[in-house]
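Please walk through this structure with me, from its confidence values to its sheet, its cores and its charged pairs.

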Amino acid sequence: MTNRIRHRAAILLFSLLSIAAVAGGVWRYGYGQALEQLHRRGEADLALAADRLTAQLQRYQELAVLMAEHPTLLALAEGHGDSAAARALLLEAADKTSALDLIYADPSGRVLASARSDDLSIGSVGQTPHFERALHGALGTHHAVDARHDTRAFYFAAPTFGTDRKVQGALVVVVDVVVVEENWRGDGPAVVFSDPAGEVFISNRSELLFWSRVKGDVGLKPPQGSAPPFLAYRHGAYEIWQLDWGPYLPTRGLHIVQDLPVIDMLGEAIVDAAPARRLAALQAGFVAAVALAFGLMLWLATERRRVLASANAELEARVAARTQALSQTNAALRREVAEREEAEAALKKAQDDLVQAGKLSALGQMSAGISHELNQPLMAIQTFAENGERFLERGNEDKAGENLGRIGQMATRMARIIKNLRAFARNESEPMGRVDLIAVIDQAVELSGSRLRQEGVTLDWDGGPAAHALGGEVRLGQVFVNLINNAADAMADSPTRHIEIVVESAPRLAVHVMDSGPGIAEPDRIFDPFYTTKEVGSAEGMGLGLSISYGLVQSFGGNIRGANRPDGGAVFTVELDRWAEESAA
């Protein structure tokens, strides 16, 4: 037992180490792929920032070149110009271009005109790198902190040549770097532009300004050396900086470098590597989860096979012991199933007999009226026949033919009554189908009409538009005959005897049979078998009519309910499903 546990523990440990190794490899590969995508995007962001910076600075560089040859400035350099006009010219150019200042000086560096100051004693611009280069006939560029304006500034100095092609002076355009940074501060990844000395002069993150790269160190540090800990390492072909320099800089960043010879600076971007690490972690986690799930399933399958193998022998022994008992039980179950099927068949037959008995009971109640309905046309036929015979003896053939026509009408009426009786009395064995609800109610009203007239009951039924329900025509007719007879029975002692039948078509087909009787004493029990309000021993019925109607409507998938009307009397509502094709239409 102990050896088996040790063996399982060794396999589990080896599996976990294998999964960890695979997940680590996936993480390293996925991290490298994600860093490649970040590097391409970071290069694009850095190139965009560099292009934006150089484009903005080139405007001022071109301003210096174009303005340096202006006749007003050349005249001022030759000693016969107007300093006020020159200052106005420079001020207008500064206002239109948002330049910090435009200064025009002679070769000695003495200021002859300035856009932002009318005091020419502001000092000399000589001995500055950009001005010295302009004196040599080239475009001078320099950057530094402007002491007069206490801001970072870019300087562009362009020479002014006289007629002898010698330098007569130089125009210096001073650019406020803050104005240049305004449009892209905080955008994208952290971007810095440092000079050849390694000092950050321009950045879209103000906390990185004036930090410098210390010789022998990697990364950026303040001049005072109070920078937080900084670590640089490589992942494949990419350099990663791990730093903690504030909330607006990434903890781990991909370092990207681009040389900018146009402005003599080095562009650097620090792209947050957290998304790459998250993506790699997700990939590694997914692979580890899949491998772990596969290993777990494999382990479960192995354990199951072992358990099944050990249980198989025991099961085979039990199967042999219980086969005989199961055979006996199976025989008993078959006998029980046969008995249940016989009982269900007997129950079905009893239910059908009960339904048929309900029909015959209803026919018994209506027998006197139906006999009257048949006897009346028979007597009329006898009378018309005798009259026709006499008219023929007299030779009055027209009158005889008229009597024969009336005999035919009476025969048709009797045939319709007998047809309704035969349809009502027969056993319906057809499955449910499309039933014309209006025609069924018409038939029920016609069958009950003679009894209602004998008992002085008025019936309000106007028919309506065609409505087709799902059900059985004969069984549904029995439901409405039962409801009409039940209403007539309930109104036996009522001074007013009136029945009203209404059909509603929404949302389901609903037929309301309303009477003016005393109402329902116990609505909750009205559909219980053998529940009746008639006296014990009464020949009117045994309380099965409504119970039979309830079962028939339920067999159609419908619903029947009884309630008392607010103004007196009872109302029975039969709800039925529409015929499927009519519902779809």
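Is Arg525 buried, partly exposed or exposed? Arg525 is partly exposed, with a relative accessible area of 39%, where buried means under 20% relative accessible area, exposed over 50% and partly exposed in between, computed with a 1.4 Å probe on protein chains only. Its side chain meets that of Glu522 in a salt bridge (3.5 Å, N to O), and Glu522, at 34% relative accessibility, counts as partly exposed too.

The model is a predicted one, in which local features need pLDDT of at least 70 and side-chain atom pairs count only at pLDDT 80 or more, while totals for chains, interfaces and linings use all residues. Residues are numbered from 1 along each chain as its sequence is written, and side-chain values use heavy atoms, with hydrogens and water left out.

The pLDDT, the predictor's confidence in each residue on a scale from 0 to 100, has a mean of 77 over the chain, and 80% of the residues reach 70 or more. Over residues 222-227 the pLDDT is below 50, and this stretch has five contacts in the model beyond near neighbours in sequence, a contact being heavy atoms within 4.5 Å. Residues 536-542 also have a pLDDT below 50, with six contacts beyond near neighbours in sequence. Where pLDDT is low, the predicted coordinates should not be read in detail.

Turning to the sheet, five strands form an open arrangement in the order β13-β15-β16-β18-β17, with mixed pairing. Here strands (E, at least two residues) and helices (H or I, at least four) are DSSP runs numbered from the N terminus, and two strands pair if DSSP finds at least two bridges between them. The edge strands, each pairing on one side only, are β13 (458-460) and β17 (559-564). Three bridges join β13 to β15 (residues 498-504), and these two strands run parallel; Asp460 stands opposite Glu500 in β15. Helix α8 (residues 437-454) lies across β13, β15, β16 (509-515) and β18 (570-576), running at about 175° to β15, where axes are lines fitted to C-alpha atoms, for helices over the stretch in contact, and angles run from 0 to 180 degrees between N-to-C directions. Helix α10 (residues 545-555) packs on the sheet as well, touching β17 and β18.

A nonpolar core is a set of buried Ala, Val, Leu, Ile, Met, Phe, Trp, Tyr and Cys residues joined through side-chain atoms within 4.5 Å. The largest has 51 residues, and those with the most contacts inside it are Leu90, Leu102, Phe154 and Phe193. Helix α1 (residues 2-68) gives the most to this core, with 14 residues. Apart from it lies another core, of 40 residues, among them Val435, Ala487, Leu509 and Phe527.

The structure holds eight salt bridges, each a side-chain nitrogen of Lys or Arg within 4 Å of a carboxyl oxygen of Asp or Glu. The side chains of Arg508 and Glu575 meet in one of them (3.7 Å, N to O); Arg508 lies in the loop between β15 and β16 and Glu575 in strand β18, so the pair ties together parts that are 67 residues apart in sequence. Arg508 is partly exposed at 27%, whereas Glu575, at 19% relative accessibility, counts as buried. Asp577 also forms a salt bridge with Arg508, the closest N and O atoms being 2.8 Å apart. Arg508, Arg561, Glu575 and Asp577 are linked in a network of salt bridges.
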